[in-house]
Amino acid sequence: MTHSAASPLPSQVKKPQSRSERSARKLRASKAAQCAVQAEDAQQMQDADAKNVKQNNAFADKKNIMWVLLSGAMALTFVVMLFLPDTGMGGGLVSTYSAMLWCGFFGAALWRYRATSGWAGFAYGSVVGLVIQFISQII
């Protein structure tokens, strides 16, 4: 037998390392430990931020100007269509309802943006839409 139980296997024999090899190995180990700590800290920060940051709810945000702009653009579209010939909005009950509805939405969004009652804004906007529809029938 060439290998006895007392003699180590060739793969287990440690080769002597130079000083530069040992310092390079220590440097790699310390960098790996730093990266692991940084990754753990980043994960903890993400978890903390996810708990602390509240979801942005566009429907509940009364100071979201986008709703005012969108409803105003739609109200303007239907009001302009009332005054243009051959658009299909000149007469009938649908033109009255569309003008009242979109002007009401615009009024509600504007009043909510101003931190007052959205229902009052819807009522005022609907009245304005009705008046505009009557004026478009006269002109």
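Hi everyone. The secondary structure of this protein comes to four helices and zero strands, where helices (H or I, at least four residues) and strands (E, at least two) are DSSP runs numbered from the N terminus. Along the sequence that reads as α-α-α-α.

A word on the source. This is a predicted model, so local features need pLDDT of at least 70 and side-chain atom pairs count only at pLDDT 80 or more, while totals for chains, interfaces and linings use all residues. Residues are numbered from 1 along each chain as its sequence is written, and side-chain values use heavy atoms, with hydrogens and water left out.

Now the overall picture. Of the 139 residues, 17% count as buried; buried means under 20% relative accessible area, exposed over 50%, and partly exposed in between, with a 1.4 Å probe and protein chains only. The protein exposes about 11,000 Å², and carbon and sulfur atoms supply 65% of that. Those areas come from the Shrake-Rupley method with a 1.4 Å probe; for residues, only the protein chains shown count as cover. Among contacts between residues at least 6 apart in sequence, 58% join residues at least 24 apart, contact meaning heavy atoms within 4.5 Å.

What does UniProt say? The unreviewed entry places the feature "transmembrane region" at residues 64-84, 90-111 and 118-136; the positions are in the numbering used here, feature names are shortened, and annotations may be inferred rather than shown by experiment. In the model, residues 64-84 are 90% helix and 0% strand, with end C-alpha atoms 32 Å apart. Residues 118-136 are 100% helix and 0% strand, and there the end C-alpha atoms are 26 Å apart.

Next, a helix pair. The axes of H2 (residues 65-83) and H4 (residues 118-138) come within 9 Å and cross at roughly 20°. Therefore H2 is roughly parallel to H4, since angles under 35 degrees count as roughly parallel, over 145 as roughly antiparallel, 65 to 115 as roughly perpendicular and the rest as oblique. The axes are lines fitted to C-alpha atoms, for helices over the stretch in contact, and angles run from 0 to 180 degrees between N-to-C directions.

Which residues meet there? From H2 we have Val-79, Leu-82 and Phe-83, and from H4 Ile-132, Gln-133, Ile-135 and Ser-136. By class, this contact of H2 with H4 has five nonpolar, two polar and no charged residues. Here Ala, Val, Leu, Ile, Met, Phe, Trp, Tyr, Cys and Pro count as nonpolar, Asp, Glu, Lys and Arg as charged, and the others, Gly among them, as polar.

Let's zoom in on Ser-136, in helix H4. Ser-136 is buried at 10% relative accessibility and touches Leu-82 and Phe-83, not counting residues up to four places away in sequence.

Leaving out residues up to four places away in sequence, Gly-129 touches Ala-99, Met-100 and Cys-103.

Last stop: Ala-115, in the loop between helix H3 (93-113) and H4. Is Ala-115 buried or exposed? Ala-115 is exposed, with a relative accessible area of 58%. Most residues other than glycine have a negative phi. Phi of Ala-115, though, is near 65°, a positive value.

Thanks, everyone!
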